[in-house]
Amino acid sequence: MTWSNRDALKFAYWVPNVSGGLVISNIEQRTSWTIDYNRELARIAEKAGFDYALSQIRFTAGYGAEYQHESVSFSHALAAATTKLTVIAAILPGPWNPTLAAKQIATINHLTNGRIAVNVVSGWFRGEFKAIGEHWLDHDERYRRSEEFIRALRGIWTQDNFTFRGDFYRFDNYSLKPKPIDPQPEIFQGGSSRAARDMAARVSDWYFTNGNTPEGLAKQVDDIREKAKENGHAVKIGVNAFAIVRETEEEARAVLNEIVEKANPEAVNAFGHEVKNAGKASPEGEGNWAKSSFEDLVQYNDGFRSNLIGTPRQVAERIVALKRAGADLILLGFLHFQEEVAYFGEHVIPLVRELEQQEATAAIAAE
Ligand SMILES: Cc1cc2nc3c(=O)[nH]c(=O)nc-3n(C[C@H](O)[C@H](O)[C@H](O)COP(=O)(O)O)c2cc1C
């Protein structure tokens, strides 16, 4: 694909539907997990030019996130408070089965005129599974189940008399009524491991990955897109980033330093132990947090690695570099969500649009 026929980058933000923000640090965070704060944030975000709002699914506290609102109901409330934003509700196979998920999301699709999508997560937190009595499958088995889950969702949403014989799920002549209206709910997934990429290359509409450099991202994207092509499938890529945008680079760096200095080492190390353990059964050892340092782990999804830390221009240029590496969407976390989402919409997104336009013009001239 050349630059000239690529869509404008999409922007998503992490919905703070769990307490404690997005960094494992005692730094002050003017972010709240309440519904009132989140409704206002969703309205600010759609006005700022954000396309999507991604909620998290957690059933227990881990290393932070002491309180957690459930993602599907919370997403619906945010869609109801807005008019353009598409909400992405995280769903965990196991607690959810595809029958309930398909029905629930189809109904919300009708209630919101198609502004609901799902993020099918595969699980990394063994303690959480144990607490809620869920069987802990090996890494690649978790993905085998997620893939059947996604195939079942799509089948139920698009076919009458849907019949499916999987190892985890079975359907016999099932017809969901009503089916979702267009736009059909998009299916996102997360990961970095071989199993995660292969699933994306077969069934998902979108692949979310942890924060990364443009070079690291490009490697994953090339790998996934090549495999997807072999499968006759198209998949779009979203990359995580924790943005710290300030008038000067020094101010932005100072905020990062303070976040890391005030990190809670015990909690960060315990989180690191858990996620590395979760990835162990991924045979090739390339799971999401396989290469994460202590500093990376202070942000749950390696968001500092994308380096969106600096002035609006520096950040806009790095975002466009991520697009060049293959990103279709930038997923963003912030320290003080409401004010920083507004600032990002005012100062960064317009610069990204300018740079995208310049690249497209240059690409057309070169063709
Ligand atoms: C952007 C993003 C969002 C995620 N959201 C959740 C979530 O809400 N709940 C959850 O349990 N796991 C979540 N995950 C974890 C993934 O589903 C997956 O278990 C994890 O990335 C491990 O991947 P691996 O296959 O690379 O080891 C998320 C991952 C990413 C990249």
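Biologist: On what basis are the values given, and which pLDDT applies to side-chain atom pairs?

Modeller: Residues are numbered from 1 along each chain as its sequence is written, and side-chain values use heavy atoms, with hydrogens and water left out. The model is predicted, totals for chains, interfaces and linings use all residues, local features need pLDDT of at least 70, and side-chain atom pairs count only at pLDDT 80 or more.

Biologist: Is Q299 buried or exposed?

Modeller: Q299 belongs to the loop between helix 10 (294-297) and strand 11 (309-310); helices (H or I, at least four residues) and strands (E, at least two) are DSSP runs, numbered from the N terminus. Buried means under 20% relative accessible area, exposed over 50%, and partly exposed in between (1.4 Å probe, protein chains only). Because its relative accessible area is 1%, Q299 is buried.

Biologist: Which backbone oxygen does the side chain of Q299 reach?

Modeller: A polar contact is a pair of N or O atoms within 3.5 Å; within protein, one must be able to donate a hydrogen and the other to accept it, and residues adjacent in sequence count only if both atoms are side-chain atoms. A polar atom of the Q299 side chain lies 2.9 Å from the backbone nitrogen of G303. At 3.0 Å, the side chain of Q299 also reaches the backbone oxygen of L22.

Biologist: Where does F271 lie, and what separates its C-alpha atom from that of Y63?

Modeller: F271 is in helix 9 (residues 265-280) and is buried, because its relative accessible area is 1%. Beyond neighbours within four places in sequence, its contacts (heavy atoms within 4.5 Å) include W124, W289 and Y63. F271 and Y63 are 208 residues apart along the chain, and their C-alpha atoms are separated by 6.1 Å.

Biologist: Which residues does R43 contact, leaving aside its neighbours within four places in sequence?

Modeller: R43 has its place in helix 1 (residues 35-48). At 38% relative accessibility, R43 counts as partly exposed. Leaving aside neighbours within four places in sequence, R43 is in contact with A81 and T82.

Biologist: What share of the ligand's area does the protein bury?

Modeller: An oxygen atom of the ligand is 2.5 Å from an N or O atom in the side chain of S193, and a ligand oxygen is 2.8 Å from a polar backbone atom of I57. Taken alone, the ligand exposes 620 Å² (Shrake-Rupley method, 1.4 Å probe). Of that area, the protein buries 96%.
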